[in-house]
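Have a look at the model first, then try each task before you read its solution.

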Amino acid sequence: MNTNITKRIHINPQSKGSLGKSFETEFRTAWLEYHQINWNGSDLDDRHHSFADRHPEQVQSYTLGNEDDSKSTLLGLFRNVSRSDAPVHVIDCRAQADGLIVQALESLQLISSLATEGTRFTFFLFPSEDTESMNNLLDLFYFAGDRVDYVVVHNPAKVRTNLFKKSNIEAELKKFGAKELTLPVVTSITLLAIKRAEAKAGRKLSFAEAATPGAAHLELMLAGEMQWAMQQMFRQYDAIADLLVPSEQLPEVEPQPEPEAKPARSKQPMLNLGE
């Protein structure tokens, strides 16, 4: 891997929706903030703008439009990224935007031109049980090849039959150094409670904000589940930090044993997500 990486761009460009892409992005940005790693972002979900709504001071919203409009929009986006001092830029994409994104990346030669500045992409890929979606994942891999890094995100709450495991695409991605994450299964009760807390607050809440001890957004038991979920993800992000941040930004992490099962909440330490 290139050791001269000074900036990372995270992007989840797959076409299929409802795979947990925005869900995972919330855990990742919470991890960056937990380690005090400066980041900013772009919201390409012009139908919802949830990412920008949850992080209004760090995330800018964009509307892709048609092919020509999206090309201009993405050129402006990546020019802003190039000028930014933040070592990490996180892009959350809407469903069915992959074609526009790939066309822009290819025609503007963005991957190679940004690489000359020390900026490297990390593609977040979400395997599914849908053949068309898996073909889309394969197309993204064939397009980017070894010019980017890959993180494969498994979502057991959304995918019952994993077509990815022991497939040719899994083997090929591993050859290119791909790392894997598994999202925790959060109960629908807690997720619904977050939506209700957002309605009460009149704005979107980041996962870190919703689960902050003493914030009173969630009942203690539900906040505990979100704390547990973030700890599961933080441990995994720590293990693949070299694909998430430049080497100079790598957090110092003490190795921890992997838990055998979901621990009892009474024994689970709370993350310090306050000031």
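**Exercise 1.** Which residues in H3 meet which residues in H4?

A word on the source: this is a predicted model, where local features need pLDDT of at least 70 and side-chain atom pairs count only at pLDDT 80 or more, while totals for chains, interfaces and linings use all residues. Residues are numbered from 1 along each chain as its sequence is written, and side-chain values use heavy atoms, with hydrogens and water left out.

*Step 1.* Contact means heavy atoms within 4.5 Å. Helices are DSSP runs (H or I, at least four residues), numbered from the N terminus.

*Step 2.* On the H3 side we find Glu-67, Ser-70, Lys-71, Leu-74 and Phe-78; they meet Leu-100, Ile-101, Gln-103, Ala-104, Leu-105 and Ser-107 in H4.

**Exercise 2.** At what angle do helix H3 and helix H4 pack?

*Step 1.* Axes are lines fitted to C-alpha atoms over the stretch in contact, and angles run from 0 to 180 degrees between N-to-C directions.

*Step 2.* Helix H3 (residues 67-83) and helix H4 (residues 98-107) pack at about 65°, and their axes are 9 Å apart.

**Exercise 3.** How are the rings of Phe-23 and Phe-27 arranged?

*Step 1.* Rings of Phe, Tyr and Trp (its six-membered ring) pair if their centres lie within 6.5 Å; planes under 30 degrees apart count as stacked, over 60 as edge-to-face and the rest as tilted. The count comes to 12 aromatic pairs.

*Step 2.* For Phe-23 and Phe-27 the ring centres are 5.0 Å apart and the planes stand at 85°, so the pair is edge-to-face.

*Step 3.* Both Phe-23 and Phe-27 lie in helix H1, four residues apart, which is about one turn of the helix.

How values were computed:
Helices (H or I, at least four residues) and strands (E, at least two) are DSSP runs, numbered from the N terminus.
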